[in-house]
Amino acid sequence: MVNVTANEMNRQEKPINMSPFAIARRKFLRNKLAMVSSFFLLSVIIISVLAPYITTQDITKVNISQMSLEPGGEHVLGTDKSGRDVFTRLLYGGRISLLVGVTCTFLVILFGTIVGSIAGFYGGFVDGLLMRFTDFVLNFPFLVFVIVLNTILFGIVNGLWVLIGVISLLSWGGVARIVRSKILAEKENEYILAAISIGCKPSKVIMKHLLPNVLSTIIVQATVTFATLIVAESALGFLGFGVPQSIPSWGNMLSASQEADVLRDKPWIWMPPAIILTITILSINFIGEGLKDAFNPKSNR
Amino acid sequence: MLKYTIRRIIGMIPMLLLISIVVFLLAKAMPGDSLSGEIDPNNTNPEYIAEMREKLGYNDPLPVQYFDWVKGFVQGDFGKSTRYKMPVSDLIMERIPNTVFLGVSSLLITYILAFSMGIFAGRKPYTIGDHVIGGLNYLGLAIPSFIAGVFAIYIFSFNLGWTPYAGSVEVGLQEGTLDYWLSRIHHVIMPAIVLGALATASYTQFLRNDIIENSRKDFVRTARAKGTATSKIYNVHILRNSIIPLITFLGFDIATIISGAIITETIFTYPGIGQLFLNSVTTNDYPTMMAITMLLSLLTLVGNLIADILYGVVDPRIRLD
């Protein structure tokens, strides 16, 4: 009983005819943690994109006379062991890390959604075949195969795109499974039966009727994937198997911490990327939680 | 149950074959081949090399090579390491105890942390303690393990000097003595905590939610009505029901630990399989690399199989489809 009255009170406060997305937007805008996170992530993206205008330092220039300088003076965050400015590399590194994250997320979501929705919609043999294929991809230990594939393909294609391709190729399985289960539940509704019975083509039923209704799940899944893939990129960079070492990325910058003297005595070289990476991932996760909450019709916040 | 288990194991076989084919083709696609590990490195006579190639079967058609490779793998013959000039199987056997030790310790830490936090949070939901645990879990889930590892070394090894930052045991200690084992535990504790914290969050969250859900069920109300002590209700009646679904996590943990071990072993320079794998990649030691890749894929597959079978044990409905 208590729940019902609470719901009714809430309904009176809100304008009556709000679309589900308008309600979600309202909930999201009221979520302080998610808003602060969005603001932070947006700033990181803008600053990274504008990196060439913010700093004029040359990222590739190796300056032996300025090796391992402490923060302060001309170099705000000091320089690394090759005399390159840490702050500049941090900005340019953000570009690469975010680029890899965004591109991979796009590819993973695209492929996962296509496979998941086709499997879910058609069912039967198609479903069985596609899902066995998904199981097959999910059975590879991710890190091991990214490293092996990267080693084989390295040198044949430009390093950055090899990494993006390999990561995307191995990560779409989870998204496909989730989209499939959502589509399976959604297609039982009568409006789908109606759409099929008036002669809609399967492609139209999927694109026009099914996907908009599972979009909230896909969006939430995209934020989670984005965070996971940024971690994957930087973990690979840290291990020395990410984007080529000549390109600065947060993971590549962190790999300097594998040298004991850098780790012990020169924290300004590895701490900035570690901290900014952690905060970025935290904020993406907070945004994801906020979105999940906003799209959840049961939550009344 | 037996029927279900057998069906699952048979269902795994095509997956195993496909994965072995992929690994084999990847091995063939590698620049260079494993020949250099088998022949005398000082003899560069082209005739000798050609003869050895023929003898070792590098000129056979691909399917023949594949079956030879599978036959060797099943019998434990993984070829010879090009870097260490010794059989890969010996190399792997040398490292496996370390990785297993790390994996088991990290699981132990996961269980201890998750059970104490999950039970506490589940018993007192929506209190300050619950929120703190929720927040900690969130951090544990969001912070990448390698960043946690790097900070752990910086703080606990370098600044506080509590734990060693490399190796699996102090050199010069007699194997089997108490000091030897204490030193091993001392070396494994930090990587195990970093690796174990990875899985803790999902366990804790699951246990908490399950305990809250169970505490509203009828059997709990009955127990309360009979006058059973609250602590007994939580520790016996509810916990027993909440632990059962948790065992299915065990299978997935195998996969998590495999990926996690590669990273943590590298950070802590801990001589295990993961570190051997990365070293073999950087030194182009292809036989070692392929053997470990196949082994780790096999373990992941077995992990998923265990998870599947445990699901069947826990939820009898799954066995039917």
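This section describes a predicted model of a complex of chains A and B.

The predictor assigns the complex an ipTM of 0.81 and a pTM of 0.84. Chain A has an average pLDDT of 83, and 84% of its residues score at least 70. Within chain A, confidence is lowest in helix α1 (residues 2–13), where the mean is 50. It is highest in helix α10 (residues 190–197) of chain A, at 92. Chain B also averages a pLDDT of 83. In chain B, 92% of the residues score at least 70. Helix α2 (residues 46–56) of chain B has the lowest confidence in that chain, with a mean of 69. Helix α8 (residues 218–226) of chain B has the highest, at 90.

Chain B is built from 12 helices and zero strands. Its elements, read from the N terminus, are α-α-α-α-α-α-α-α-α-α-α-α. Along the principal axes, the C-alpha atoms of chain B fill a box of roughly 90 × 55 × 35 Å. The chain has 321 residues, of which 35% count as buried. Contacts between residues at least 6 apart in the sequence of chain B were also classed by separation. Of these, 72% join residues at least 24 apart.

For chain A, the unreviewed entry places them at residues 33–54, 96–124, 136–154, 160–179, 210–232 and 268–288. Two of these spans were examined in the model. Residues 210–232 of chain A are 100% helix and 0% strand, with end C-alpha atoms 31 Å apart. Residues 268–288 of chain A are likewise 100% helix and 0% strand, and their end C-alpha atoms also lie 31 Å apart.

For chain B, the unreviewed UniProt entry gives the feature at residues 100–120, 132–156, 188–207, 243–270 and 290–314. The span 188–207 of chain B is 100% helix and 0% strand. Its end C-alpha atoms are separated by 27 Å. The span 290–314 of chain B is 100% helix and 0% strand as well. Here the end C-alpha atoms are 36 Å apart.

The contact between the chains draws on 28 residues from chain A and 31 residues from chain B. On the chain A side, α6 (124–138), α7 (142–153), α11 (202–239), α13 (260–265) and α14 (267–295) each supply at least two residues. The largest share of that side comes from α14(A), with eight residues. By residue class, the side of chain A that touches chain B holds 20 nonpolar, six polar and two charged residues.

Helix α11 (residues 273–282) of chain B is mostly covered. Eight of its 10 residues are buried. These are Ile273(B), Gly274(B), Gln275(B), Leu276(B), Phe277(B), Leu278(B), Ser280(B) and Val281(B). The buried residues of α11(B) pack against elements of both chains. From chain A, the partners are α7 and α11. From chain B, they are α4 (88–123), α10 (249–267) and α12 (286–314). Both chain A partners of α11(B) also supply at least two residues each to the side of chain A that touches chain B. Just after α11(B), Asn284(B) adopts a positive phi of about 55 degrees.

How values were computed
Residues are numbered from 1 along each chain as its sequence is written. Chains are lettered from A and ligands numbered from 1 in the order in which they are written. This is a predicted model: local features need pLDDT of at least 70, side-chain atom pairs count only at pLDDT 80 or more; totals for chains, interfaces and linings use all residues. Two residues are in contact if their C-beta atoms, placed from the backbone, lie within 7 Å. Helices (H or I, at least four residues) and strands (E, at least two) are DSSP runs, numbered from the N terminus. Ala, Val, Leu, Ile, Met, Phe, Trp, Tyr, Cys and Pro count as nonpolar, Asp, Glu, Lys and Arg as charged, and the others, Gly among them, as polar. pLDDT is the predictor's confidence in each residue, from 0 to 100. A residue is buried if 20 or more other C-beta atoms lie within 10 Å of its own, exposed if 12 or fewer, and partly exposed in between; C-beta atoms are placed from the backbone. UniProt positions are given in the numbering used here, feature names are shortened, and annotations may be inferred rather than shown by experiment.
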